[in-house]
Amino acid sequence: RIFKRERSLELWVRSGDREQFELLKTYTICALAGELGPKRRQGDNQTPEGFYNISFFNPRSDFYLSLHVDYPNRRDRAAGIEGVSLGGDIYIHGGCSSEGCLAITDDGIKGLYWLAVEARSAGQSRIPVHIFPARLDTDDFERLERAFGDRADLVRFWSTLKPGYDFFEQHRR
């Protein structure tokens with residue numbers, strides 16, 4: 001789970017015999033381009049927000065190692081502007097620089113990358129990535145509403161992410 005305002009990436013894991021996930025580690029996001037809000041076109045330097053998966057591993061990244069996020073997903077394509085490219089090269093990577101990606105330290109991506117490889121090797125077909133503008137508990141969501149009151153489109157979009165946030169908070173699934 002990634003929280004843009006807090007600049008944190010939480011790594012949640014569960015063993016094969018458990019239903020609920022447990023927080024294993026939190027990484028600091030050392031570089032994050034753009035502002036709060038979803039990515040809507042190629043070159044906008046925004047980091048997407050929503051529910052994604054790791055689609056492939058890139059051991060030969062320009063940024064040490066990287067994990068590709070499957071942006072744009074079906075929802076992003078539906079919300080896009082016709083005729084405008086959404087882009088798609090969104091990664092979690094090392095290197096502490098970003099033009100729309102999520103950068104953590106080289107040591108951080110080394111550990112995260114290795115755990116993702118291990119999860120895939122153990123048979124996990126999907127590695128979910130939830131990207132939020134901020135924590136979406138009641139207090140933080142109200143803060144977003146106040147801060148972005150003049151951007152009803154953003155508040156509406158974030159309210160569609162909140163049920164997924166709340167479900168994980170309640171059930172850890």
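I began with Arg40, whose charged end sits over the ring of Phe157, 5.2 Å from its centre. For this I required NZ of Lys or CZ of Arg within 6 Å of the ring centre and within 35 degrees of the ring normal. Arg135 also qualifies: its charged end sits over the ring of Phe3, 4.1 Å from the centre.

The model is predicted, so I note that local features need pLDDT of at least 70 and side-chain atom pairs count only at pLDDT 80 or more, while totals for chains, interfaces and linings use all residues. Residues are numbered from 1 along each chain as its sequence is written, and side-chain values use heavy atoms, with hydrogens and water left out.

**Aromatic pairs**

I looked up the aromatic pairs and found 10 in the structure. Rings of Phe, Tyr and Trp (its six-membered ring) pair if their centres lie within 6.5 Å; planes under 30 degrees apart are stacked, over 60 edge-to-face, and the rest tilted. Phe21 and Phe168 form a tilted pair, 6.1 Å centre to centre with 45° between the planes. Phe21 lies in the loop between β2 and β3 and Phe168 in helix α4 (residues 152–171), so this pair ties together parts 147 residues apart in sequence. Helices (H or I, at least four residues) and strands (E, at least two) are DSSP runs, numbered from the N terminus.

Phe21 is partly exposed at 23% relative accessible area, whereas Phe168 is buried at 5%. Buried means under 20%, exposed over 50%, and partly exposed in between (1.4 Å probe, protein chains only).

Phe132 and Tyr165 form an edge-to-face pair, 5.4 Å centre to centre with 90° between the planes. Phe132 is in strand β9 (residues 128–132) and Tyr165 in helix α4, 33 residues apart. Phe132 is buried at 0%, as is Tyr165 at 3%. I also recorded one aromatic cluster, formed by Phe3, Phe51, Phe132 and Tyr165.

**Helix α2**

I then examined α2, where Gly108, Ile109, Leu112, Tyr113, Ala116 and Ala119 are buried. They cover an arc of only 120° around the axis, which puts them on the same side of α2; the arc is that of the directions from the helix axis to the C-beta atoms. On the other side, Asp107, Trp114 and Ser121 are exposed. The cover over the buried residues includes β2 (8–13), β3 (22–28) and β5 (50–58). Gly123 follows α2 and has a positive phi, near 105°.

**Ser8**

I ended with Ser8 in strand β2, which is buried at 9% relative accessible area. Beyond neighbours within four places in sequence, the contacts of Ser8 (heavy atoms within 4.5 Å) include Phe3, Tyr27 and Arg135.
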